[in-house]
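Here are my notes on the model you sent. Please read them with the structure open.

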Amino acid sequence: MRVILDTNIFLSATLVRGSVPDKLYESWRKGRYLLISSEQQIDEIKTVLRRPFFRDRVKPWEAGLLINHIRQMAELLNALPDLEVSKDPKDNFLLAMAQVSGAEYLVTGDKRDLLAMEKFGPTRIVTAKAMADLLA
C-alpha cells in the first residue's frame, strides 16, 4: 500500500508518543506500508521544526532521526508538477505527490482543505484514525 503522510502527521507523531500519528509512523517503520515523500516535504518538515514551538518540544536528534528515516526508507519523488488544486496553495505539493506516485492514501489532519476533498484522482484523503483502522 502506497501512503503519503501530510507534514502535520509527522509533526504530531514527534510531539505525542503513542498517539495515532505516532502509531502510523511506527507502522511505516515496521514495513506495514510504503511511504511516499519528497525533498519538498522534507524541507517543509525541517522549516516547521525550527519554529520556536517545536524547538522547545522536539530535541534536535529526534528531528534529525525523523528526516533520516524519511530519506532512507521512503520512496522519494524528485520532480513534482505544479498544481493549483487545493484552496491552500501550501497543500498542492502533497496532491502533486499523490498524482505522480499513484498513492492509495493521503493521510492528513487538515479538515478544512484536504479532508474536505475526500479524493484526488484515485487517492483517498483520510484522517490518521481512518488510516490506523485500515491498517488494523
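1. F120 and T123 stand opposite each other, T123 being in strand 6. Strand 5 and strand 6 (residues 123–126) run antiparallel and are joined by 2 bridges. Strands, and likewise helices, are DSSP runs numbered from the N terminus: E of at least two residues for strands, H or I of at least four for helices. Two strands count as paired if DSSP finds at least two bridges between them.

2. The model is predicted: local features need pLDDT of at least 70 and side-chain atom pairs count only at pLDDT 80 or more, while totals for chains, interfaces and linings use all residues. Residues are numbered from 1 along each chain as its sequence is written, and side-chain values use heavy atoms, with hydrogens and water left out.

3. The open sheet has 6 strands in the order 3-2-1-4-6-5, with mixed pairing. Strand 3 (75–77) and strand 5 (119–120) are at the edges with a single partner strand each, so one side of each has no neighbour in the sheet. Helix 3 packs on the sheet and touches strand 1, strand 2 (34–38) and strand 3; contact means heavy atoms within 4.5 Å. The direction of helix 3 makes about 80 degrees with that of strand 2, with axes fitted to C-alpha atoms (for helices over the stretch in contact) and angles running from 0 to 180 degrees between N-to-C directions.

4. Strand 2 pairs with strand 1 in the parallel sense over 3 bridges, and L34 of strand 2 is the bridge partner of R2. Strand 2 also runs parallel to strand 3, again with 3 bridges; here S37 stands opposite L76.

5. Which residues touch the most other members of the largest nonpolar core? They are I70 and V107, in a core of 28 residues. Such a core is a set of buried Ala, Val, Leu, Ile, Met, Phe, Trp, Tyr and Cys residues joined through side-chain atoms within 4.5 Å. Among the elements that supply at least two residues each are helix 1 (7–15), helix 5 (60–73) and strand 4 (105–107). Beyond four places in sequence, the contacts of V107 include V3, L5, L24 and M131.

6. E118 is in the loop between helix 7 (114–117) and strand 5. Its phi is near 70 degrees, a positive value in a residue other than glycine. Most residues other than glycine have a negative phi. E118 counts as exposed because its relative accessibility is 57%.

Key: Buried < 20%, exposed > 50% of the residue type's maximum accessible area, 1.4 Å probe, protein only.
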